[in-house]
Amino acid sequence: MSATASFQVPTALGPRDVTVSYARVGRGAPLVLLHGIGHHRQAWDPVVDILATEREVIAVDLPGFGASPALPGDLAYDLATTNTVLGALFGQLGLVRPHVAGNSLGGLLALELGREKAVRSVTALSPAGFWTEAERRYAFAVLLAMRGIAQRLPLPLVERLSRTAAGRTALTSTIYGRPGRRSPEAVVAETLALAGATGFDATLRAGIAVRFTDDLLGLPVTVAWGSRDRLLLRRQGVRAKQLIPHARLVRLPGCGHCPMNDDPALVARVILDGSRA
């Protein structure tokens, strides 16, 4: 069920009020799910019910995305601030070192939470931050193009396109390996989420300086990459394994950048296995 949490985040200029939207379901060890840039927590819907059979699942709308309001104007959307916000959210929800799984931006945030030893295990699906400069420029150009299209397309056209497999492919093939499997309603909702994401531009700017370095010893880490990822190319998964030698690297056959909808059973198994380590 959807809910909101309001809490204060400490900053150099004093505490700031932040509100985050989330959904919480299931029983067991808590597992927090973090989405990618321009997406929303509903990206995890295909796997939530499977995960909830063994975990208490908390799917979060990151600040400035989905139903979560933007951060206060004097707060940055960088890794340090976002992780402080997530840490405060964990405290507000009574979560003590939960497991965490993230996709894309969410995968990078999950790894950063792991570096801070704020979580028990990390599963990162196509995480950001393992790019070369050329790969980063390519990914950012694609994201900006997707955002521009989402903002320009009239809603009736988006709804019409979403009713056919060919239309869903045109709208979402950049992030899904099997776009025809995405429901029409989900395609419309995530197109609107991308167009209206108040935190998109600031998050993208903050990402220019991101390069991941390992400090995750002692923490179970799984990195999974779709074989059909067209946004963050799969060779970045090999680079992630080189930078995090103890991590488990998993290939997701036929899956794109957001694999949860392409193969829900496989992705759920990877996350559950990672959180059992």
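Arg24 is partly exposed, with 28% relative accessible area; here buried means under 20%, exposed over 50% and partly exposed in between (1.4 Å probe, protein chains only). This is a predicted model, in which local features need pLDDT of at least 70 and side-chain atom pairs count only at pLDDT 80 or more, while totals for chains, interfaces and linings use all residues. Residues are numbered from 1 along each chain as its sequence is written, and side-chain values use heavy atoms, leaving out hydrogens and water.

The structure holds twelve salt bridges (a side-chain nitrogen of Lys or Arg within 4 Å of a carboxyl oxygen of Asp or Glu). In one of them, Arg24 pairs with Glu56, their closest N and O atoms being 2.7 Å apart. This pair links distant parts of the chain, with Glu56 in strand S4 (residues 55–60) and Arg24 in strand S2 (residues 16–25), 32 residues apart; strands (E, at least two residues) and helices (H or I, at least four) are DSSP runs numbered from the N terminus.

Glu54, Asp273 and Arg276 are linked in a network of salt bridges. Between Glu54 and Arg276, the closest N and O atoms are 2.7 Å apart. Glu54 lies in the loop between helix H1 (45–51) and S4, and Arg276 in helix H10 (residues 264–276), so the pair ties together parts 222 residues apart in sequence. Asp273 and Arg276 have their closest N and O atoms 2.6 Å apart; being three residues apart in H10, Asp273 and Arg276 are separated by about one helical turn.

| Residue | Relative accessibility |
|---|---|
| Glu54 | 32%, partly exposed |
| Asp273 | 32%, partly exposed |
| Arg276 | 45%, partly exposed |
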